[in-house]
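Q: Could you take me through this structure feature by feature, giving the general idea and then the case at hand?

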Amino acid sequence: MSEGLQAANAPPCFLSKEQFAKLFKVLRALEYDVIGPTIDQEAIVYDRISSIDDLPRGWTDIQEPGKYRLEKRNDDALFGYVVGPHSWKQNLFPPVTTLSVADRTDEGWQFSEPEQDAPKFAFLGVRACELAALKIQDRVFLEGPYIDPQYQGRRNQALVIAVNCTQAASTCFCTSMKTGPRCKAGYDLALTELPEGFVVEVVTPQGEAVINALETQIATEENQNQAEAARQQAVDQITRTMDTTDIRDLLMSNLEHPQWDDVAERCLSCTNCTMVCPTCFCSSVEEVSDLTGDHVERERQWDSCFNVDFSYMNGGLVRNSIRNRYRQWMTHKLATWIDQFGTSGCVGCGRCITWCPVGIDLTQEVAAIREKQT
Amino acid sequence: MEKPKLGVFKFASCDGCQLSLLDAEDQLLAVAGAVDIVHFPEASSRIESGPYDIALIEGSITTPHDAERIQQIRRDSKFLMTIGACATAGGIQALRNGADTDEFMRAVYATPEYIQVLNKSTPIAEHVKVDFELRGCPINQYQLIEVIQSLLAGRNPRTPKHSVCLDCKRRGTVCVTVAQGTACLGPVTQSGCEAICPSYNRGCYGCYGPAPQPNLVSLSTHSLKEGTSPAEMAHSLQNFNVHAPAFHNESQRLTDQIEEQN
């Protein structure tokens with residue numbers, strides 16, 4: 001994905017569903033490993049897919065705090081759902097990776113890096129909030145003083161095929177975070193699904209290479225109007241909001257607000273919100289040796305500020321209560337992230353609300369703090 | 001350098017945790033090479049008396065004889081480590097704690113006067129100083145090897161204390177509670193099994209005991225709101241780790257609630 005290479009004023013084209021089915025073959029021929037939505041474990045997850053039949057045709061997701069259910073749609077929409085338990089970070093920043101290897105030899109320790117053959121992914125079905133999340137993780141892994149080589153290798157090769165939302169879940173609040181639901185930047189191709197096919201916007205040469213291998217027509221005015229109406233439907237369905245006015249100062253000047261005690265009574269400190277968050281990037285690094293101690297691997301795993309041990313340093317725990325850990329997570333996500341990276345760490349996808357086992361809703365926590373400032 | 005002497009000792013238990021060591025197969029040979037296994041009746045007829053550098057204790061204390069035996073093993077051992085839910089939390093047999101043991105014996109045995117048993121099943125740490133507790137029912141063999149390895153290398157063991165949820169997420173398992181409404185103890189249970197049950201579409205049974213600072217009340221309150229009955233919730237906590245304080249207190253709170261309502 002190379003941003004900024006916008007094909008000048010390329011008019012949107014129309015891709016029929018028959019032609020769309022051939023997309024998978026085209027992507028394979030271009031040596032992409034296609035990751036996209038598919039049904040598994042009673043949810044729409046992102047996984048390796050190989051044909052149009054793997055897509056969740058005719059299914060949607062119903063979401064509320066602490067609850068996610070699949071439901072049959074009354075049409076054959078392929079992308080008629082919102083977002084699920086997985087995000088694209090699984091592929092760019094894998095949950096477990098080996099960073100380096102050391103072997104004890106007669107000549108002393110030999111260090112090596114595991115083979116770095118970065119997979120070439122095509123991400124199919126990236127939502128607007130997720131494009132924003134990719135941009136935020138780019139900032140973390142690529143634009144700071146230290147570049148993450150694994151993320152970089154995967155990210156640079158990835159093809160991003162965005163799909164505009166045509167509906168919203170009750171947990172969505174991308175309009176508050178100004179990240180969606182319309183896909184505006186950060187993709188190679190953007191699709192809007194209509195009953196007969198897709199209106200496709202092509203912005204990069206990589207996207208063009210894919211779309212040129214398929215038969216398309218110029219999108220008619222009617223196609224474009226239909227697409228606009230479908231996208232508007234998503235905007236209209238968003239009911240959840242988060243008032244972000246001066247949110248940094250609001251949270252940082254209310255660090256002793258009684259709401260933190262209130263949320264600590266409900267929070268399980270189980271890490272689910274951080275794991276499903278498409279921008280959370282914390283990890284821990286450990287050395288793992290075999291029984292002889294002659295072969296050691298340096299392993300990086302997803303970790304979370306909700307873990308007791310995560311703040312262990314120099315003989316003690318820095319955040320030794322659920323209250324402190326929830327406050328750390330939320331103030332970082334919504335306030336100090338702005339100091340650190342220049343944007344909010346929240347994209348309004350609502351995953352942390354849906355996948356919290358007890359349904360804690362950060363938009364309500366912020367509202368409660370705003371309502372009664374200390 | 002002389003190899004450290006390792007002894008494995010059994011108290012009230014099902015032997016499953018000791019079997020985890022035998023199940024380690026390929027790694028077991030490496031263990032056998034690194035330590036001198038001098039007392040492991042389940043595996044070998046070689047039985048040597050102490051002192052031991054490392055003692056692995058399986059099982060809980062349920063008889064007066066065992067309460068004495070553990071004192072001697074402690075005196076004989078440099079590093080004493082419990083393996084499994086019985087030794088660490090009292091095990092499933094701690095379900096009888098608080099009940100009338102004499103009545104149980106009269107119901108089960110023809111001549112109960114031959115049985116000498118304590119009223120409670122208690123973890124080893126209630127009797128002697130324990131240097132390390134390895135959780136699980138049964139323990140995870142890789143964690144056991146890891147702890148032995150860390151002792152040999154003189155470093156801290158990698159036995160994380162985070163919740164089972166983190167393991168589900170790392171392996172890509174979709175939350176069974178959120179997506180299917182299945183009751184699950186994962187959010188309050190310590191990691192160790194690599195989140196097996198949810199990957200087979202089942203809720204977590206809490207085999208590894210309470211995670212640090214577990215919020216049992218919040219999980220119960222939410223589960224009850226979603227339709228779990230107080231009795232079901234209490235029973236889910238009355239399992240292998242029923243005597244672990246966090247699980248015990250919450251199941252007791254729910255039981256008291258049920259009694260008040262009746």
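**Reading helix packing, domains and chain contacts**

A: Let us begin with one helix pair: α11(B) passes α12(B) in a left-handed crossing, where a crossing is called left-handed if the near helix is turned anticlockwise from the far one by less than a right angle, and right-handed if clockwise. This is a predicted model, in which local features need pLDDT of at least 70 and side-chain atom pairs count only at pLDDT 80 or more, whereas totals for chains, interfaces and linings use all residues. Residues are numbered from 1 along each chain as its sequence is written, while chains are lettered from A and ligands numbered from 1 in the order in which they are written.

Q: At what angle do helix α11 and α12 of chain B pack, and how far apart are their axes?
A: Axes are lines fitted to C-alpha atoms, for helices over the stretch in contact, and angles run from 0 to 180 degrees between N-to-C directions; the helices themselves (H or I, at least four residues), like strands (E, at least two), are DSSP runs numbered from the N terminus. Here helix α11 (residues 230-237) of chain B packs against α12(B) at an angle of about 155 degrees, with the axes 9 Å apart. Angles under 35 degrees count as roughly parallel, over 145 as roughly antiparallel, 65 to 115 as roughly perpendicular and the rest as oblique, and α11(B) and α12(B) are therefore roughly antiparallel to each other.

Q: Which residues of α11(B) and α12(B) meet?
A: Two residues are in contact if their C-beta atoms, placed from the backbone, lie within 7 Å. On the α11(B) side these are B:Pro230, B:Ala231, B:Met233, B:Ala234 and B:Leu237, which meet B:Phe247, B:Glu250, B:Ser251, B:Leu254, B:Thr255, B:Gln257 and B:Ile258 of α12(B). By class, this contact of α11(B) with α12(B) has 8 nonpolar, 3 polar and 1 charged residues, with Ala, Val, Leu, Ile, Met, Phe, Trp, Tyr, Cys and Pro counted as nonpolar, Asp, Glu, Lys and Arg as charged, and the others, Gly among them, as polar.

Q: How does helix α10 of chain B pack against α12(B)?
A: Helix α10 (residues 216-225) of chain B and helix α12 (residues 245-261) of chain B pack at an angle of about 40 degrees, and their axes lie 10 Å apart. That angle makes α10(B) oblique to α12(B), and the crossing of α10(B) and α12(B) is right-handed. B:Leu216, B:Val217 and B:Ser220 of α10(B) meet B:Ala246, B:Glu250 and B:Leu254 of α12(B), a contact made up of 4 nonpolar, 1 polar and 1 charged residues.

Q: Which domains does chain B have, and how many of their residues are in contact?
A: Domain bounds come from an automatic or database domain assignment, which for chain B gives domain 1 (5-153) and domain 2 (164-261). Their C-alpha centres lie 26 Å apart, and 15 residues of domain 1 of chain B are in contact with 13 residues of domain 2 of chain B. Helix α4 (residues 85-89) of chain B gives the most to the domain 1 side, with 3 residues.

Q: How is chain A divided?
A: Chain A has domain 1 (13-237) and domain 2 (247-371), and 25 Å separate their centres, taken over C-alpha atoms. Between them, 36 residues of domain 1 of chain A are in contact with 33 residues of domain 2 of chain A. The largest share of the domain 1 side, 9 residues, comes from β6(A), and that side divides into 21 nonpolar, 10 polar and 5 charged residues.

Q: How many residues do chains B and A bring into contact?
A: 32 residues of chain B are in contact with 37 residues of chain A. The elements giving two or more residues to the chain B side are α2 (26-34), α6 (141-153), α7 (164-171), α8 (176-180) and α10 of chain B; by class, that side holds 16 nonpolar, 12 polar and 4 charged residues.

Q: Where are cis peptide bonds found?
A: In chain A, a cis peptide bond joins A:Gly180 and A:Pro181, with omega about 5 degrees, and A:Pro181 is found in the loop between α6 and β10 (189-193) of chain A. In chain B, the peptide bond from B:Gly50 to B:Pro51 is cis, with omega near 0 degrees, and B:Pro51 is found in the loop between β2 (36-39) and β3 (52-58) of chain B.
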